[in-house]
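Student: I have a model open and would like to go through its fold. Can we take it step by step?

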Amino acid sequence: MTTEMLVPLRAALTLARSVVMLLPVAASSIPPAMAAELIFDLRIDHGRVSDNMRLIRVKEGDVVTLRWRTDQAVILHLHGYDIEQAIAPGAVTELTFKAYATGRFPIYVHGAEERGQTHAHREMPLIDVEVYPK
Ligand SMILES: [Cu+2]
């Protein structure tokens with residue numbers, strides 16, 4: 001091997017070493033859970049959401065936005081997280097929450113008589129949100 005070939009090789013090794021030393025710093029700046037911001041578009045027609053959108057699956061820590069359209073004014077209730085959101089026709093209404101709790105959380109359409117945290121629903125949930133551990 002000639003000296004002319006050794007010089008670029010040594011430069012490459014030095015560069016490789018400095019890249020390796022930088023890696024731990026770069027890795028620590030990446031969030032460990034890789035939480036995502038997720039958006040789901042949902043449409044209510046006659047009090048129902050189409051079957052293929054009736055189950056929303058996310059991971060713990062995700063920031064979830066449900067973008068609602070509806071043909072009639074309703075109040076939605078995300079059980080467990082206990083978020084109520086009124087939605088009306090002619091607009092897109094966003095319901096955003098951070099999925100900090102794992103489990104299955106139904107969203108029901110509320111009538112005037114269904115208020116507060118503890119109540120039963122006779123009908124099926126509009127959709128279910130499933131939050132999986134990270
Ligand atoms: Cu409810």
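Tutor: The questions below cover a sheet, a core and a loop residue in this predicted model.

Student: Which strands stand at the edges of the open sheet of five strands?

Tutor: The order in this sheet is β3-β9-β8-β5-β6, with mixed pairing. A strand at the edge has a single partner strand, so one side of it is left without a neighbour in the sheet. The edge strands are β3 (55-59) and β6 (83-87).

Student: Which element gives the most residues to the largest nonpolar core?

Tutor: This core has 18 residues, and L76, I107, L126 and V129 touch the most other members. Two or more residues come from each of β1 (37-45), β4 (63-70), β5 (74-78), β8 (103-110) and β9 (127-132). With four residues, the element that gives the most is β8.

Student: Which residues does V129 touch, leaving out those up to four places away in sequence?

Tutor: V129 is one of the core residues that touch the most other members. Leaving out residues up to four places away in sequence, V129 touches I56, V58, L78, F105 and I107.

Student: Is H119 buried or exposed?

Tutor: H119 lies in the loop between β8 and β9. Because H119 has 12 C-beta neighbours inside 10 Å, and 12 or fewer is the cut-off, H119 counts as exposed.

Technical notes:
Residues numbered from 1 in each chain as written. Predicted model: local features only at pLDDT ≥ 70, side-chain atom pairs only at ≥ 80, totals over all residues. Core = buried A, V, L, I, M, F, W, Y, C linked by C-beta atoms within 7 Å. Buried ≥ 20, exposed ≤ 12 C-beta atoms within 10 Å, placed from the backbone. Contact = placed C-beta atoms within 7 Å. Pairing = 2+ DSSP bridges.
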